[in-house]
Amino acid sequence: MKSFEWVQAHNIDDAIAQLAPGVVVKAGGVDLIDRLKEGLDAPARVVNLRGVAGLDAVTAPGELVLGPLATLAELEAHADVKKRWPALATACAHAATPQIRNMATIGGNLVQRPRCWYFRSADFHCKKKGGDVCFALHGENQFHAIVDNKLCAIVHPSSPATALVAYGARVMLKGKRGERSLALEEFFAPPEKNVQRENVLADDEVIASVNVPAPMPNTRAAYHKQVEKESFDWPMADVAVVLRMDGRTCKQASIVLGAAAPVPWRAKAAEAVLGGRVVDERAAEAAANAAMQGMTPLSQNGYKLPVFRAVIRRTILAAVGGAA
Ligand SMILES: Cc1cc2nc3c(=O)[nH]c(=O)nc-3n(C[C@H](O)[C@H](O)[C@H](O)COP(=O)(O)OP(=O)(O)OC[C@H]3O[C@@H](n4cnc5c(N)ncnc54)[C@H](O)[C@@H]3O)c2cc1C
């Protein structure tokens, strides 16, 4: 690991004042410390946000407001989050291990870098690192993207993001030029926008909060994470479903797939299938089939299509069944 200057921030403005190209903020450090050890990042300065008072606040008077240092463990256990945003609580509860969830913050989770083994390996100078090859395209791509995968086939690593996008969350970004609020869906950037980045965070900005709208009356939601085996790992496929219901009929559907694309992927065709329809086994299956139309799996990840079909169908039924 290359040496760097270590700065403890006293408040968020103090942290922002330190930011510049070559400077990174640290929250829980779960991803960042790994990257420093792996030599993926070699910053001149690390600004420690951890310990800054108030940045871990979680409030839910109407909308849910998450301070960037709120940990996944806090979110999975928070009574209001469990009751009103169950898909988010479940996504947090199923990420990583209890020990990691105690350290992992929501801000850091959304900005963690992808798990693609070619990106993480010092032996491969891939497009994400300024090279001109995506090694996954013709390599070991069993855990890679099944859509929007021609330029760079990473999948977005954050599971809470899958649920947050389904709930229509926004992020408040704060930087030297002021504050801006963005739909989380717009915060994440596909490879076509900038293959070296996964989001639109500027060098002088931090996530100041994540804001999740209060659920409309009669909203039903569920999240499911499918892993390869019972181990503590990122999902092979995860799905968040948020449905606004009128009796058994779906008025509006939000269905988001994780581990499918370089960004949390809105399954718009599936949403359209459910809109205005009684949600039963057949509707759930039709939505799941629609979600997989147009997918472009790679040589080794075609198996994800039937996995997603099953997980989407089950998550829709879990949402209307009340089981999150
Ligand atoms: C074995 C294992 C399994 C895992 N499984 C999952 C899983 O299933 N699902 C999942 O979602 N994650 C999983 N993770 C990843 C883990 O949840 C993330 O590494 C963690 O959430 C990162 O949060 P952090 O606070 O430690 O961030 P840090 O490591 O401190 O930071 C990560 C990145 O975010 C940036 N950052 C941090 N805070 C801010 C901020 N407020 N504003 C702007 N940038 C910021 C940092 O500069 C850095 O680039 C797993 C990790 C491990 C080790």
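1. Residues are numbered from 1 along each chain as its sequence is written. In this predicted model, local features need pLDDT of at least 70 and side-chain atom pairs count only at pLDDT 80 or more, while totals for chains, interfaces and linings use all residues, and side-chain values use heavy atoms, with hydrogens and water left out.

2. Four strands form an open sheet in the order 9-10-11-12, with antiparallel pairing (strands are DSSP runs of E, at least two residues, and helices runs of H or I, at least four, numbered from the N terminus; two strands pair if DSSP finds at least two bridges between them). Strand 9 (219–226) and strand 12 (265–266) stand at the edges with a single partner strand each, so one side of each lacks a neighbour in the sheet.

3. Strand 10 (residues 237–246) and strand 11 (residues 249–258) run antiparallel and are joined by nine bridges; Met-245 stands opposite Cys-250 in strand 11.

4. The structure holds five aromatic pairs (rings of Phe, Tyr and Trp, the last by its six-membered ring, with centres within 6.5 Å; planes under 30 degrees apart are stacked, over 60 edge-to-face, the rest tilted). Trp-117 and Phe-143 are edge-to-face, at 5.8 Å centre to centre and 65° between the planes. Trp-117 lies in helix 8 (residues 117–120) and Phe-143 in the loop between helix 8 and helix 9 (159–166), so the pair ties together parts 26 residues apart in sequence.

5. Phe-187 and Phe-188 are both buried (under 20% relative accessible area, with exposed over 50% and partly exposed in between; 1.4 Å probe, protein chains only).

6. Ring pairs also link Tyr-118, Phe-124 and Phe-135 into a cluster.
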